[in-house]
Structures are given as structure tokens and as C-alpha cells.
Amino acid sequence: MTPYDRWTLRTENTSYTVRLSPDGPWAELDAWGPHGAEDGPSALDWSHRTHFITPADAAPAEYLPHGQRPFTGADLIAGRPGRERGVRWEFTGAQEGPGTLRLTFTDDLIGLRTTLCYAVVPGTDVLHRWTELTCTGTEELRLERFDSGAVNVPVTSGARLTYLTGQWSQEFQHTRLALTRGTFTMGSTQGTPGHAYAPWLAVQDLAADDAPAYGLALEWAGNWHITAEAEPGGAVRIRAGRVPHEGAVLLAPGATLTTPRLACAFSADGLDGLSRVWHRYERHLTGERLHRPRKVLYNSWEATGFDVDAAGQLELAKSAADMGVELFVVDDGWFTGRADDTAGLGDWYPDPAAFPDGFDRFVEDVRALGMDFGLWIEPEAVSPGSRLLAEHPDWAYRIDGRPSRLVRNQLLLDLGREDVQDFVLATLDRLLTEHRIDYLKWDMNRPPTERGRPGPVPAERLDLDAAHVHGYLRVLDHLRTAHPHVTVEGCAGGGGRVDHTTLARTDVVWPSDNTAPLDRLAIQYGFLHAHAPHVMSSWVTDAPGIFDPRPRSLAFRFVTAMCGVLGIGADLRTWSPRQRTEAAGWIARYKDVRDVIHHGEARLLGSPDDATCGVQYDGADGRTVVAALNTGRLDGAPLVPGRPARLRPRGLDPDARYRDEVSGTTYGGAHLLHYGLPFAWSADHDAELVVLSRHPARRPA
Ligand code: DGJ
């Protein structure tokens with residue numbers, strides 16, 4: 001093998017080595033792991049003996065087309081329309097740059113150039129992979145499958161897959177599966193990542209409890225799939241990509257299709273380490289905006305629903321401000337015709353009946369309380385009776401001759417159309433320039449059902465899913481450039497659209513409409529495996545559990561919500577003075593530690609299945625914050641000769657001393673690592689926020 005046949009990309013702590021296969025014209029994985037993992041014979045090497053399959057089927061291939069990899073799953077299915085499908089390509093060149101690699105393969109018969117692209121994300125352990133497909137012939141090409149990339153993980157008896165699954169109100173459930181043989185697939189055809197699965201997967205060798213972890217996240221806000229296949233030769237191969245709405249995409253001569261990026265992450269420290277790799281990556285995506293403090297928000301949705309009027313909102317705003325809330329957000333129901341969910345969407349003008357002294361007067365009244373002002377909007381949605389739909393019936397997706405079904409009594413605008421994008425941009429510009437708005441909650445509550453675009457272009461020539469995603473990203477990009485001061489929250493009926501393209505253009509996302517304490521804890525536990533605390537909006541509400549109605553204290557609700565970006569969504573009109581005082585205390589404590597929570601390194605301590613669990617945040621300032629929660633019985637240890645529960649922090653310096661800033665108790669680092677922090681839970685004490693400040697190490701004599 002010549003030195004040019006092998007390329008290594010280095011992230012902060014890992015390396016990813018690709019080589020040209022000795023068996024045929026394709027690239028394959030040589031090594032992926034900690035720095036130096038590539039120094040030795042490849043763990044993916046195999047016997048080169050095949051029976052009934054071809055070497056391409058058995059190879060740890062980075063990307064292979066149907067035609068070349070006939071039996072075990074191709075990453076690309078392309079052909080000339082009406083002719084046989086199948087690509088047979090030759091390797092035609094490699095281009096290496098600092099932290100980048102491009103490998104090109106060409107099929108002259110059908111006229112296709114395929115470039116596998118790699119780029120290291122600076123300051124992280126994440127590598128981006130994507131593929132560029134160019135039609136080089138004179139005939140167009142039909143692409144049925146065009147994955148972003150494939151990833152190979154060597155395993156012994158099988159793989160442990162960890163993924164995040166659920167449904168509306170139950171998103172991000174941390175789920176595990178042992179894959180020894182066969183195929184596991186997940187995805188969405190809902191035009192968004194969806195509530196059912198997050199476009200995120202972790203893969204580990206089943207042989208160990210918490211083996212080094214490989215992570216994948218597909219950066220796409222539309223239809224997608226991630227598929228893992230356990231192969232007979234002791235490897236799992238994962239493919240990921242977008243899924244075209246009409247089943248295929250046509251590529252015109254000269255045109256290039258660029259797939260979404262597949263973010264690939266590795267941690268030698270198992271799932272917990274992998275979560276920190278993703279957190280750091282998301283801090284990188286947030287960039288400079290990470291340093292704007294995420295303000296404590298009040299959102300009125302759970303308190304008033306559609307029943308929005310100036311007087312009621314101001315009453316809530318006053319209470320919120322008194323507690324130390326910094327931002328007041330009016331949710332759904334502020335615009336004309338919006339008495340319930342049957343009408344109003346599309347006509348984005350404040351309802352004069354709800355704001356009799358004018359909307360701006362109301363906004364100024366809120367601001368006079370010392371808070372920023374925020375507004376909810378669902379720009380892709382339109383209600384059947386709206387003026388917008390009457391004026392532009394073709395702006396909503398529909399199929400000629402077919403009735404349009406309603407989901408949540410509404411239709412979806414075809415945001416792939418430029419005129420629709422321009423309308424949305426103009427609407428947002430108008431609202432954000434005419435009124436003093438600092439925060440926008442962008443919601444989306446219905447997937448496309450009859451997804452067609454009436455007009456001269458045949459459906460097979462419309463890549464509607466991609467067009468919608470590009471429209472969505474164009475509008476979000478515009479918000480960033482034209483209204484950089486506006487904080488943007490991403491929401492899709494809860495956590496239906498959480499992906500890296502969204503996270504790169506928003507400041508926070510709303511993981512779920514389920515704000516009930518124990519339910520929320522499980523949602524956040526899953527969410528934090530994939531996403532960083534600074535993007536996780538979380539509210540303290542009055543909601544009883546939807547899936548777990550066991551009561552929990554106000555403290556529990558606050559400590560849970562403080563694990564991300566704290567908000568309040570409760571009906572404050574019903575809160576007693578005692579509750580308000582307690583809330584004010586929690587808000588003040590949160591403000592004191594939010595930098596540690598949002599910028600620090602987070603560790604999940606146990607899981608909500610344990611009677612005591614928590615999250616630890618280590619700040620650069622030497623402070624460690626531990627959010628500790630009792631999910632167990634509330635008739636605690638003090639009644640019987642029991643001992644306090646213990647929660648073990650990790651990663652502390654065993655030689656340092658740590659002082660609890662509230663109780664004043666000091667602990668040796670070794671003690672904390674060995675025994676953990678003590679918590680004497682009782683019926684009315686089920687959560688605690690511990691702030692430890694580190695003191696210079698006390699070295700043994
Ligand atoms: C769904 C969101 O997830 C909720 O937070 C709320 O904004 C409603 N939509 C409003 O209709």
C-alpha cells in the first residue's frame with residue numbers, strides 16, 4: 001500500500017483513518033478512536049474470503065453504491081430514469097486540506113461523480129461527513145437513495161444501540177437495544193425530525209457495560225433515516241441520510257446534490273463522555289451567542305392558553321417580575337381570530353380586542369416591569385378561514401383533486417416556495433421592527449400530509465422536503481442577520497424539530513410540552529445525552545404528571561428546570577406568597593450559577609430510574625454545581641434508622657477540598673468521589689442544588 005492510500009483526520013482527542021480498499025475501488029474505515037488508534041493493523045481487517053457475497057458486501061466501506069455493493073445495503077442508489085439502476089465507479093482522486101479530505105469516484109457510463117467529504121470541527125471531537133453527487137453526463141440521473149455517509153464500528157458479539165425515542169409529550173426517552181444480527185432503522189417522514197425518534201444514535205460494543213461510544217447525528221430538519229445493520233463479520237454498519245418526499249430526486253446534467261452533514265463523534269469514556277462531546281459541539285454551534293446570558297423566562301401558555309388579553313397577561317407579568325423573571329413571553333392566542341386552535345394562523349396582527357390600548361402600549365407596560373418581551377409565532381402554519389389562505393390558496397401544500405386533511409385544525413404552508421418565504425420574512429420583519437420584541441418562539445404544529453405543489457412542475461421533479469428545509473433555514477438565517485438581538489426559541493409541538501441545523505440558528509429549543517416533574521426529568525435525561533444544557537429550555541409549571549402523577553415539590557420543579565435554561569410556566573395568579581418567595585429564592589440562585597450550568601462540563605449522575613439522580617456541572621471558575629433529585633419514595637429515611645442517600649460526583653480532584661456554599665460543609669475530593677454527597681430526603685425535601693467551591697489541594701504530608 002502506498003502512503004497515499006491512507007488518510008488520517010485528527011480531532012482534539014480522536015483520529016479517523018480512511019484508506020483505499022485493497023479489494024476494490026472504494027474507501028473503507030481503517031481506524032476510528034483515540035489518537036494513535038490508527039497505529040497498528042486495522043481492527044476492521046477481515047479474512048477476504050467471501051461466500052455468496054462480494055468483497056464489497058463484506059468491506060467496512062465508507063460509502064458504496066448499489067451496483068457495486070449488491071447485497072448488504074448500498075448508500076447510494078442511482079441510475080438513468082427507465083434504465084437499470086446501479087453505479088460502478090473508479091477512484092479518481094483525493095484532495096487533502098487542513099482537517100479536510102475529499103475522495104472522488106467516477107462512473108463514466110451513467111455520468112456520475114461522487115465525492116466523499118470529511119471535515120474536522122475545530123476544538124471538538126466531531127467530524128463532519130457528507131457526499132456531493134454531480135451529474136457529469138448528458139442524461140439526468142434518478143437518485144433513490146443518497147445517504148450522507150456510512151460508519152463502521154467493530155463489535156464482538158453485537159452492538160448496544162442507544163437512541164432517543166417517544167411521541168408527542170414523551171420525547172427523548174433514553175432507549176437501548178442489543179443488536180446482534182439484523183437491521184435497526186429509525187427516522188421520520190413528517191418533514192421534521194419528528195417526536196418519534198431523534199436523528200441521533202450511539203453505538204457501543206455489547207461486550208462491556210459502558211464501552212467506548214461512537215455517536216452519529218444527522219444534521220437535517222426534514223425527512224431522514226438512520227439504519228444500523230449488524231453484519232456477520234463482527235461489525236455494525238450504520239447509514240444515515242435524508243429521505244426524499246417523492247421517493248427519488250432527479251439530478252440534471254451539470255447539477256450537484258450535496259447531502260446533509262453527518263456529524264460523527266467518539267468518546268473513549270462511554271455514553272457519558274459522548275454526551276460531553278456533543279455538548280461541546282453544540283457550544284461550538286452556538287458560537288459567540290453562548291456568552292449572552294439566557295434570561296429567566298415566563299411563558300403564559302399553560303396559565304392562560306388562548307385566553308390572552310392585556311390585563312390578564314400584565315397580572316402574570318407583574319408577579320413574574322416580582323420574582324426576578326427577566327423575560328415575559330406571550331404564547332399562542334395574541335393575534336386576530338385566535339380564540340382557539342381552529343382559526344387565526346397566517347393573519348399575524350395583534351388582536352385589538354385583546355389589547356384595547358394598543359399592542360405597543362402593552363409591550364411597554366411589560367417592559368416597564370424590567371423584563372424583555374417575547375412573542376410566539378407559527379410562521380409555517382395557516383388556518384382554513386384565514387385571510388392569508390383566502391388570498392393565497394396555493395401557498396398551502398395540497399394535491400389537486402384530493403381533500404386536504406387538517407391536523408390540529410390547520411394546514412402547512414409550502415415554505416419551499418420563494419414567495420411564501422418572502423411572506424414569512426416580511427411578516428417577521430414587520431413584527432420585529434414595529435414592536436419592541438426581544439424573543440421569538442417559533443412553533444410548528446402539523447406535519448405535511450397532502451404534500452403537493454399544484455402547478456406546471458410534475459411532482460417527481462419537486463424535491464419538496466429539501467425545499468421546505470432550505471426555506472426554513474433561510475428564514476432562520478435572516479433572523480440572525482437582520483435581527484441579531486432577538487433570541488430565537490425553536491419548538492415543534494414540543495421537541496418535534498431538534499436537530500443541529502436548527503440548533504445552529506436558534507438559542508434554545510423546547511424539548512417537550514410535558515412539564516410534569518418526573519416525566520420532565522426522564523425527557524431531560526434523554527435530551528442531555530444528545531444536547532447541551534444551554535439549549536434546553538425548561539419550565540416550572542403546575543402540571544401534574546402526565547405519565548407519572550406522583551407529586552413533587554416546588555423545589556423539585558425548580559431544580560429540574562435549572563438543569564437547562566430556567567423558565568416559569570405556572571399560573572402565578574394562584575401562587576401563595578410563600579410559593580412566590582421560595583420561587584424568588586430559586587431564581588436568584590439560578591442566576592448565580594447559570595454560567596456554570598451553560599458553559600461548564602456536564603455529567604449525568606445516575607438515571608431517573610435510580611431513587612436519587614442528578615446532573616453535575618463543572619465550571620471554569622472552580623465551582624461545581626450538583627442538581628440532585630429524589631425520584632424515589634417520599635417517606636424517607638428520617639422516620640426509620642436509615643442513612644442519607646448518596647450521589648457520587650465524578651471528575652473531581654481527589655486531593656482538593658470542596659465547600660458547600662450553602663451549608664458550609666467541607667468535603668475532601670476523595671470522599672466525594674468515594675462516598676458521594678449525602679442527601680437526607682424527606683416528604684417535603686426531594687431536591688437540592690449543591691454548589692461546591694474548590695479550595696486549593698490539601699496535599700498529604
Ligand atoms: C405547542 C407548543 O409546544 C406549546 O408550547 C405552545 O406554544 C402551543 N403549541 C401553542 O399553540
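Guide: The expected span of a helix is 1.5 Å times one less than its number of residues, and we shall apply that to this predicted model.

Visitor: What makes the span of helix 2 close to the expected one?

Guide: Helix 2, residues 270-286, has 17 residues and reaches 25 Å from its first C-alpha to its last, which is close to the 24 Å expected. Just after helix 2, Gly-287 takes a positive phi of about 65°.

Visitor: Is helix 2 mostly covered or mostly open, and how do you know?

Guide: Helix 2 is mostly covered, given that 15 of its 17 residues are buried, a term that requires under 20% relative accessible area.

Visitor: Why is His-529 called buried?

Guide: Buried means under 20% relative accessible area, and His-529 has 5%, so His-529 is buried. His-529 has its place in helix 10, residues 517-530, and, leaving aside its neighbours within four places in sequence, is in contact with residues including Leu-271, Ser-275 and Trp-278.

Visitor: Which residues have the most contacts inside the largest nonpolar core?

Guide: That core has 188 residues, and those with the most contacts inside it are Trp-334, Phe-362, Phe-558, Ile-568 and Trp-575.

Visitor: How do you know where this core lies relative to domain 1 and domain 2?

Guide: Domain 1 (3-286) and domain 2 (616-695) both give residues to this core, so the core lies between them. Apart from it lies another core of 14 residues, among them Leu-647, Ala-656, Tyr-658 and Leu-677.

Definitions and conventions:
Residues are numbered from 1 along each chain as its sequence is written. This is a predicted model: local features need pLDDT of at least 70, side-chain atom pairs count only at pLDDT 80 or more; totals for chains, interfaces and linings use all residues. Side-chain values use heavy atoms; hydrogens and water are left out. A nonpolar core is a set of buried Ala, Val, Leu, Ile, Met, Phe, Trp, Tyr and Cys residues joined through side-chain atoms within 4.5 Å. Buried means under 20% relative accessible area, exposed over 50%, partly exposed in between (1.4 Å probe, protein chains only). Domain bounds come from an automatic or database domain assignment. Helices (H or I, at least four residues) and strands (E, at least two) are DSSP runs, numbered from the N terminus. Contact means heavy atoms within 4.5 Å.
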